[in-house]
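Colleague: I am new to this structure and would like to learn how to read its features step by step. Could you take me through them?

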Amino acid sequence: MASRAANVVLSRANRMRQTLQSALEASVLEIEDVSYQHAGHAGVKGDANETHFNVKIVSSKFEGQNLVKRHRVVYDLLADELKSGLHALSIVAKTPKEIGS
């Protein structure tokens, strides 16, 4: 009997989570789908499923990187998603030391 899990297509949020967690070893990773807030906006095609996300990520791999570099890292990691329907990200990227700030 084949595993049902092998036939499951991962949601964009789950694919994003796997990609970011694997590359950045995040101690905090929150991904919120806010696509419903953008239905009907210019640039949003169809029913706006899984197109807009808020991402909060805390990783020691951000040490020594400015905000622009951190965002670039996240965008680069999610390049395939951006090419396949991900329209917008709101990113909060911090180091563990910055959490209390």
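This is a predicted model: local features need pLDDT of at least 70, side-chain atom pairs count only at pLDDT 80 or more; totals for chains, interfaces and linings use all residues.

Colleague: What is the order of the strands in the open sheet?

Modeller: Strands are DSSP runs of E with at least two residues, helices are runs of H or I with at least four, and both are numbered from the N terminus; two strands pair if DSSP finds at least two bridges between them. Here the open sheet has 3 strands in the order 1-2-3, with mixed pairing. Strand 1 and strand 3 stand at the edges with a single partner strand each, so one side of each has no neighbour in the sheet.

Colleague: In which sense does strand 2 pair with strand 1, parallel or antiparallel?

Modeller: Strand 1 (residues 28-33) pairs with strand 2 in the antiparallel sense over 6 bridges, and D33 stands opposite F53 of strand 2. With strand 3 (residues 88-94), strand 2 pairs in the parallel sense over 7 bridges, V58 standing opposite K94.

Colleague: How many residues of strand 2 are buried?

Modeller: Buried means under 20% relative accessible area, exposed means over 50%, and partly exposed lies in between, for a 1.4 Å probe and protein chains only. Strand 2 (residues 52-58) is mostly covered, as 5 of its 7 residues are buried. K56 lies in this strand and is partly exposed, with a relative accessible area of 32%. Leaving aside residues up to four places away in sequence, K56 touches V28, L29, E30 and V92, where contact means heavy atoms within 4.5 Å.

Colleague: At roughly what angle do the axes of helix 1 and helix 2 cross?

Modeller: Axes are lines fitted to C-alpha atoms, for helices over the stretch in contact, and angles run from 0 to 180 degrees between N-to-C directions. The axes of helix 1 (residues 12-24) and helix 2 (residues 67-77) come within 10 Å and cross at roughly 125°. Angles under 35 degrees count as roughly parallel, over 145 as roughly antiparallel, 65 to 115 as roughly perpendicular and the rest as oblique, and helix 1 and helix 2 are therefore oblique to each other. The contact is made by T19, L20, A23 and L24 of helix 1 with V73, V74 and L77 of helix 2.

Methods
Residues are numbered from 1 along each chain as its sequence is written. Side-chain values use heavy atoms; hydrogens and water are left out.
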